[in-house]
Amino acid sequence: MAPTILVEQQDGLLTLTLNRPDKRNALDTGMYQALTAALQQASQDESVHVVLLQGQATCFTAGNDLADFMGKTTLEADDPILQFLHAFADFPKPVIAAVAGPAVGIGTTLLLHCDLVYLADNARLQLPFVELGLVPEFASSLLLPRAIGHLKASELLLLAEVMDASEALRLGLANRVVAADELLGLARETGLRLAAKPPKALQKSKALLKQELRQAVHFVIDMEARAFSQALQGEEAQSRIARKLGRRD
Ligand code: COA
């Protein structure tokens with residue numbers, strides 16, 4: 001079976017490709033573990049200067065694997081999801097995201113931690129936590145209102161409205177929107193350009209850009225995880241996730 005995370009390196013650019021297209025790249029435990037391991041290795045490896053995270057030209061990710069959510073009742077510190085959230089938030093080298101098609105749940109919230117975000121014109125950002133009886137994660141309750149304002153954040157997080165690529169660009173959630181068949185090429189070309197810059201200056205500059213919110217981000221990730229665990233155990237989430245899964249079966 002093909003690995004669900006593909007790892008490839010060229011000229012200082014490490015590309016991580018979500019590779020579970022039959023499940024719309026829904027992230028399961030093994031994928032979180034593989035991503036965390038790749039990030040940990042990349043942060044130590046001096047030959048890696050920049051990371052590019054991508055899916056395919058039709059799909060970034062459908063978010064967390066819903067079946068995995070059904071089996072979970074808590075999100076402890078050693079949970080692979082939480083370990084990934086902290087590793088990604090803390091990753092010291094620039095991260096570029098290339099997003100096409102659906103970017104659901106964590107597929108959207110992780111963009112708030114990236115340094116450059118490129119969207120295909122078919123990209124659809126969606127945060128259906130409340131729809132599923134859940135609450136925001138990955139410090140999105142902190143970062144999203146800061147990025148786009150409380151009212152727009154509420155449209156995404158409370159009303160769970162789908163946001164298209166042009167609206168995301170207008171609100172400053174992306175650097176550029178391109179045709180879907182140009183997306184991965186643009187992201188790779190930009191990644192290689194960035195990876196050719198002096199790596200220490202790059203890392204220091206990223207650290208300075210992130211410094212103000214660094215501690216708060218980790219604090220909020222854990223605070224949200226406690227609320228998320230509570231919500232997962234509740235009737236609202238269990239019945240809504242079961243219904244969503246049932247509809248899919
Ligand atoms: N977890 C587990 N499996 C998922 C999934 C998820 N989050 N999202 C999609 N899949 C699976 C489907 O069950 C289906 O599997 P099957 O072929 O074995 O039945 C397959 O992926 C294709 O899904 P489908 O809905 O037919 O694809 P689509 O292209 O029509 O729609 C989405 C794509 C992303 C819009 C839609 O799949 C979706 O809304 N998924 C759920 C997103 C979600 O609620 N995520 C949780 C966020 S907290």
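How many residues lie between E1 and E2 in the hairpin, and which residue in the turn has a positive phi? E1 and E2 are separated by two residues, and Asp-11 in the turn has a positive phi of about 45°. The model is predicted: local features need pLDDT of at least 70, side-chain atom pairs count only at pLDDT 80 or more, and totals for chains, interfaces and linings use all residues. Residues are numbered from 1 along each chain as its sequence is written, and side-chain values use heavy atoms, without hydrogens and water.

Helices (H or I, at least four residues) and strands (E, at least two) are DSSP runs, numbered from the N terminus. Strands pair if DSSP finds at least two bridges between them. Strand E1 (residues 5–10) runs antiparallel to E2, joined by six bridges. Leu-6 has Thr-17 as its bridge partner in E2. E2 also pairs with strand E3 (residues 50–54), in the parallel sense, over five bridges. Here Thr-15 stands opposite Leu-52.

Six of the six residues of E2 (residues 13–18) are buried, that is, under 20% relative accessible area with a 1.4 Å probe, protein chains only; exposed is over 50%, partly exposed in between. In a regular strand, side chains alternate between the two faces of the sheet. Leu-13, Thr-15 and Thr-17 point one way, and Leu-14, Leu-16 and Leu-18 the other.

Elsewhere, Gln-238 sits in helix H11 (residues 235–248). Gln-238 counts as partly exposed because its relative accessibility is 24%. Gln-238 and Met-70 are 168 residues apart in sequence, yet 6.9 Å apart in space, C-alpha to C-alpha.
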